[in-house]
Amino acid sequence: MSGFWVFLRKELKEQFKTSKVIIVAAVFLFFGLGTPILTKYTPELIKAAGTGGITIEMPIPTSADSLIGYTSNMVQFGVLIAVLVAMGAIAKEIETGTAAIVLSKPVGRLAFILAKLKAESFTFLVALVLGGLACWGYTFILFGDANALGFLYQNLLFGLFIVFCLGVTLYFSSLMKNQLAAGGLALALIIFLSAISNLPWIGRYLPGQLINWGNRLVLKAPGSSGWPAVISVALITGLSVYLTWASLKKKEL
Amino acid sequence: MNSDINLAKLLPLLIPVAIIEFGLLVWALLDVIRRKNVKGPKIVWIIVVVVFEIIGPIAYFLFGRGEESAEDDSESNS
């Protein structure tokens, strides 16, 4: 895989130069700090605002609600940002002719794709660590306890989910000329696969189960393990990389 | 209005959230003003950045920034 490390260095530099690392980390940190506060104080805020004589029974929020709430928020915003960050990664470089210049040198197309996926995964890894630490810390301060091990596993599973989203988006980015079309198709596929993750049998192998399993680990709730989903999502991500490589191989750059 | 919210405990926790929000807003605003190559009218991006908290600056950074030209780079280096 010639030129992988050179590519990876270039792509990592690009992540810092375009400030993607800071932007993605800021979003994860914002939700990591904000979700525990909102979870803790929403019942009090509703009470303080007054309910006009109507009695609303609000369950007392727990630390698990805060940790799961953060992941729920990040499944929406994190996935959207992953698609937005990755959708132009290849399509834009083909459009501007950068890909043709870079790939005219003696470097492999697989190295080109893997370096992009790894550099973008690095950006999200930094964000996940910062956001996760912020959320766990604030949850511990506000609620007095927080399931550290369960939350760690939940974040690892969410990290795999994000890498899957990046892989799928890179594939569509190599397929489409327009980066918005690539992003739209990737998002549609991710939403579809997540939506059917609760179906019996097939659902066990779909990406949405990663999040469901993570939630169960935080809650220490019984239920089937999510290993089938972990294996199939890793395989789908690998397949995305292969299809991206096949698509780039066929393309006239 | 009866409130159980402990402001003394809450305020220090809100400061980092406000710093992130305000920091992104200022950073995006300065970038819109300074950058020569912005996709679309600058005034529209300024409104988007100021009006839509968090989402506005992120949208600008992902979609609004044009490529830095070699001229811009040499100016910033000098």
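# Why the helices and residues get their labels

Modeller: Let's start with two helices of chain A: H3 (residues 63-86) and H9 (residues 208-219) pack at about 165°, and their axes are 9 Å apart. Axes here are lines fitted to C-alpha atoms, for helices over the stretch in contact, with angles running from 0 to 180 degrees between N-to-C directions. This is a predicted model, in which local features need pLDDT of at least 70 and side-chain atom pairs count only at pLDDT 80 or more, while totals for chains, interfaces and linings use all residues. Residues are numbered from 1 along each chain as its sequence is written, and chains are lettered from A and ligands numbered from 1 in the order in which they are written.

Colleague: Thanks! What makes H3(A) roughly antiparallel to H9(A)?

Modeller: Set the angle of about 165° against the cut-offs: under 35 degrees is roughly parallel, over 145 roughly antiparallel, 65 to 115 roughly perpendicular, and the rest oblique. The pair falls in the group over 145, and therefore H3(A) and H9(A) are roughly antiparallel.

Colleague: Which residues of H3(A) and H9(A) make the contact?

Modeller: From H3(A) come Ala64(A), Leu67(A), Ile68(A), Thr71(A) and Val75(A), and from H9(A) come Ile211(A), Gly214(A), Asn215(A), Val218(A) and Leu219(A). Two residues are in contact if their C-beta atoms, placed from the backbone, lie within 7 Å. By class, this contact has seven nonpolar, three polar and no charged residues. Nonpolar means Ala, Val, Leu, Ile, Met, Phe, Trp, Tyr, Cys and Pro; charged means Asp, Glu, Lys and Arg; the others, Gly among them, are polar.

Colleague: And H7(A)? How do you know whether H3(A) and H7(A) are parallel or antiparallel?

Modeller: The axes of H3(A) and H7 (residues 148-175) of chain A cross at roughly 20° and come within 9 Å. An angle of that value is on the parallel side of the cut-offs, so H3(A) and H7(A) count as roughly parallel. Among the residues that meet are Leu67(A), Met74(A) and Val83(A) of H3(A), with Phe158(A), Ile162(A) and Leu170(A) of H7(A). The residues of this contact divide into twelve nonpolar, five polar and no charged.

Colleague: Why is Val27(A) called buried?

Modeller: A residue is buried if 20 or more other C-beta atoms lie within 10 Å of its own, exposed if 12 or fewer, and partly exposed in between, with C-beta atoms placed from the backbone. Val27(A) has 24 such atoms, so the label is buried. Val27(A) sits in helix H2 of chain A, and, leaving aside residues up to four places away in sequence, touches Phe77(A), Ile81(A) and Ile58(B).

Colleague: What makes Trp201(A) exposed, and what is Ser19(A) by contrast?

Modeller: Trp201(A) has 6 other C-beta atoms within 10 Å, which means exposed. Ser19(A) has 15, so the label is partly exposed. Trp201(A) lies in the loop between helix H8 (179-195) and H9 of chain A, whereas Ser19(A) lies in the loop between H1 and H2 of chain A. Phi of Trp201(A) is near 60°, a positive value in a residue other than glycine; the phi of Ser19(A) is also positive, near 60°.

Colleague: In chain B, why is Asp31(B) called partly exposed?

Modeller: Asp31(B) has 18 C-beta neighbours inside 10 Å, which means it is partly exposed. Asp31(B) is part of helix H1 (residues 7-34) of chain B. Chain B has four helices and zero strands; helices (H or I, at least four residues) and strands (E, at least two) are DSSP runs, numbered from the N terminus. Of the 78 residues in chain B, 15% are buried.

Colleague: Last one: how do you know what span to expect for helix H6 of chain A?

Modeller: The expected span is 1.5 Å times one less than the number of residues. H6 (residues 109-143) of chain A has 35 residues and 51 Å is expected; the helix reaches 50 Å from its first C-alpha to its last, close to that value. Just after H6(A), Gly144(A) takes a positive phi of about 85°.
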